[in-house]
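Keep the structure open as you read.

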Amino acid sequence: MAEQLHHWIGGKRVEGTSGRFGDVFNPATGEVIGKLPYASKADMDEAVKVAQEAAEIWGKTAVPKRAAVLFKFRELLVANTDKLAELVGREHGKTIADAKGEISRGIDVTEFACGIPHLIKGEFNSNIGGEIDLFSIREPIGVVGGITPFNFPVMIPLWMGAPAIACGNAYINKCSERDPAAPMFLAELWKEAGLPDGVWNVVHGDKEAVDSLLHHEDVPAISFVGSTGVGEYVYQTGCANNKRVQAFCGAKNHMVIMPDADMDQAVDALIGAGYGSAGERCMAISVAVPVGQGTADALIEKLTPRVEALKIGPFDDPGADINPLITAQAQQRVENLITRGVEEGADLLVDGRGARMQGYENGYFVGSTLFNNVTTDMDIYKTEIFGPVLSVMTPSTYEDAVTMVNDHEYGNGVAVFTRDGDTARHFANSVDIGMVGVNVPIPVPMAFHNFGGAKRSKFGDTQMHGPESIRFFTKMKTISARWPSGIKEGAQLAFPTND
Ligand code: NAD
């Protein structure tokens with residue numbers, strides 16, 4: 001029985017007025033489990049109005065009081081981790097252990113945002129001239145739109161929302177229409193933590209809802225995470241409407257394996273980073289790059305049986321390695337790309353097409369898949385597959401591996417596996433990629449550092465979480481102050497100097 005779902009505006013569930021709805025599925029069974037309202041422009045306008053009123057008060061709330069709400073919210077996230085993981089698993093399909101991993105990363109950024117009294121501190125100079133004191137302060141910007149993807153329904157809304165709220169803004173999360181339950185539950189937890197109504201809002205929908213945010217003159221900032229095509233559109237449209245925009249987008253992440261690497265460690269890393277969450281991660285490794293044929297042969301020999309052994313299964317099966325993909329369309333798309341790889345001449349060593357599981361015959365499963373001898377001209381190399389598909393490519397030299405990494409249009413993450421410090425250092429300094437791992441396959445920075453890719457994996461010049469998030473979610477004001485005792489000369493018509 002499909003549950004009727006709602007928006008969350010002004011601290012309560014709201015039905016919406018558009019009359020348009022979309023289905024939410026359980027990807028393991030293919031059942032429709034929710035009917036989600038899609039916001040019209042009028043629904044979004046109402047949310048912005050409510051958020052703006054809330055931001056007026058919240059932005060003037062003493063910073064330690066805002067931090068106190070974040071501390072309480074952090075405690076609620078910890079206490080409700082099991083429930084959140086269940087909500088994520090049912091709609092996204094990822095395993096409970098994997099869902100708990102993303103919740104933990106969301107908690108990390110919430111903890112970072114608890115430090116807002118320190119993070120938001122301004123700058124001060126005493127007596128820059130003529131007894132004038134000069135200081136800069138960071139103020140909230142108002143209503144912030146956060147457009148988030150399906151693959152991390154807890155983590156990404158929090159990566160944006162916790163710093164945005166800590167900075168004194170109100171936040172409208174246009175979360176993914178595929179898995180809305182977790183962001184809605186986060187809204188309940190914020191309320192329980194004491195956040196004033198209207199500061200955290202969740203508005204569902206598709207392009208109409210996103211466009212309403214992008215064109216709304218009372219939304220000065222947009223943070224986006226999702227695919228590159230949509231992100232580029234969001235960036236260009238938001239900027240054309242005079243907003244500050246950051247857009248974190250698609251990826252094709254390489255893992256370069258040098259001949260001196262520990263091959264067992266490299267294989268473990270590829271299994272986790274290539275197939276965890278069925279490859280539906282922006283930081284998934286989708287290309288393994290052993291340098292030289294000898295390295296490739298050793299890798300393939302150890303990797304192939306490990307890939308063959310991975311098991312598909314629903315989110316609540318503790319033995320499952322590979323979860324179902326998010327939709328039937330995603331399953332079809334990934335299977336078509338595997339077929340395309342065969343047509344293009346890549347060697348299909350493990351074929352995940354047609355994977356079925358008893359009791360879950362209508363689930364959107366694709367089994368673990370491994371290609372060898374992939375080349376840079378193939379569609380399966382150029383495209384972000386976003387499924388449990390790993391390609392192996394073998395350049396003969398280290399220099400060719402670096403060129404391959406740099407020539408790809410995406411630049412989110414990359415890793416090098418080696419025992420040689422010189423190689424690792426040279427590699428980190430040579431690649432045009434936002435996040436680099438040295439013997440670390442998924443180099444997602446911790447909350448107190450910044451997250452973001454390069455090239456067509458990111459539009460805009462700021463990063464997510466870390467100190468850059470505080471800059472993105474505030475505006476700077478600079479105040480020059482002189483008290484009457486300092487005014488000695490009377491009116492001055494020439495341009496002021498610091499004499
Ligand atoms: P998506 O681009 O389909 O959707 C992202 C958001 O945009 C959703 O809220 C969706 O409703 C909205 N949207 C979709 N089509 C739209 C349109 N035509 N106009 C306006 N809005 C639209 O992405 P997804 O499938 O939910 O997520 C997977 C993608 O996100 C992958 O490409 C992945 O690499 C990327 N991603 C990137 C990062 C990162 O930090 N770089 C992190 C997670 C996911």
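Which residues in α4 meet which residues in α6? On the α4 side they are Glu102, Arg105, Gly106, Val109, Thr110 and Ala113, and on the α6 side Met155, Leu158, Trp159, Ala162, Pro163 and Ala166. Being in contact here means that the C-beta atoms of two residues, placed from the backbone, lie within 7 Å.

Before going further, a word on what you're looking at. This is a predicted model, in which local features need pLDDT of at least 70 and side-chain atom pairs count only at pLDDT 80 or more, while totals for chains, interfaces and linings use all residues. Residue numbers run from 1 along each chain as its sequence is written.

Back to that pair. Helix α4 covers residues 96–114 and helix α6 residues 155–166, and they pack at an angle of about 10 degrees with their axes 8 Å apart. That makes α4 roughly parallel to α6. The cut-offs are under 35 degrees for roughly parallel, over 145 for roughly antiparallel, 65 to 115 for roughly perpendicular, and oblique for the rest. Axes are lines fitted to C-alpha atoms, for helices over the stretch in contact, and angles run from 0 to 180 degrees between N-to-C directions. The helices themselves are DSSP runs (H or I, at least four residues), numbered from the N terminus.

Now look at α3 and α7. The axes of α3 and helix α7 (residues 181–193) come within 8 Å and cross at roughly 155 degrees, so the two are roughly antiparallel. Leu84, Leu87, Val88 and Glu91 of α3 make this contact with Ala181, Ala182 and Phe185 of α7. Sorted by class, that gives 6 nonpolar residues, no polar ones and 1 charged. Nonpolar covers Ala, Val, Leu, Ile, Met, Phe, Trp, Tyr, Cys and Pro; charged covers Asp, Glu, Lys and Arg; the others, Gly among them, count as polar.

Met263, Ala266, Val267, Leu270 and Ile271 of α10 touch Ala298, Leu299, Lys302, Leu303 and Arg306 of α11. The contact of α10 with α11 has 8 nonpolar residues, 2 charged and no polar.

Zoom out to the whole chain. It divides into domain 1 (3–249 + 457–479) and domain 2 (253–438), with bounds from an automatic or database domain assignment. Their centres, taken over C-alpha atoms, are 31 Å apart. Across the boundary, 18 residues of domain 1 are in contact with 22 residues of domain 2. On the domain 1 side, α3 (81–92) and α4 each supply at least two residues, and α3 gives the largest share, 3 residues.

So where does the ligand sit? Both domains give residues to the shell around the ligand, so it lies between them. Of the 26 residues around it, Pro149, Gly226, Ser227, Phe248 and Cys282 come nearest; a residue counts as near if its C-beta atom, placed from the backbone, lies within 6 Å. The shell has 12 nonpolar, 9 polar and 5 charged residues.
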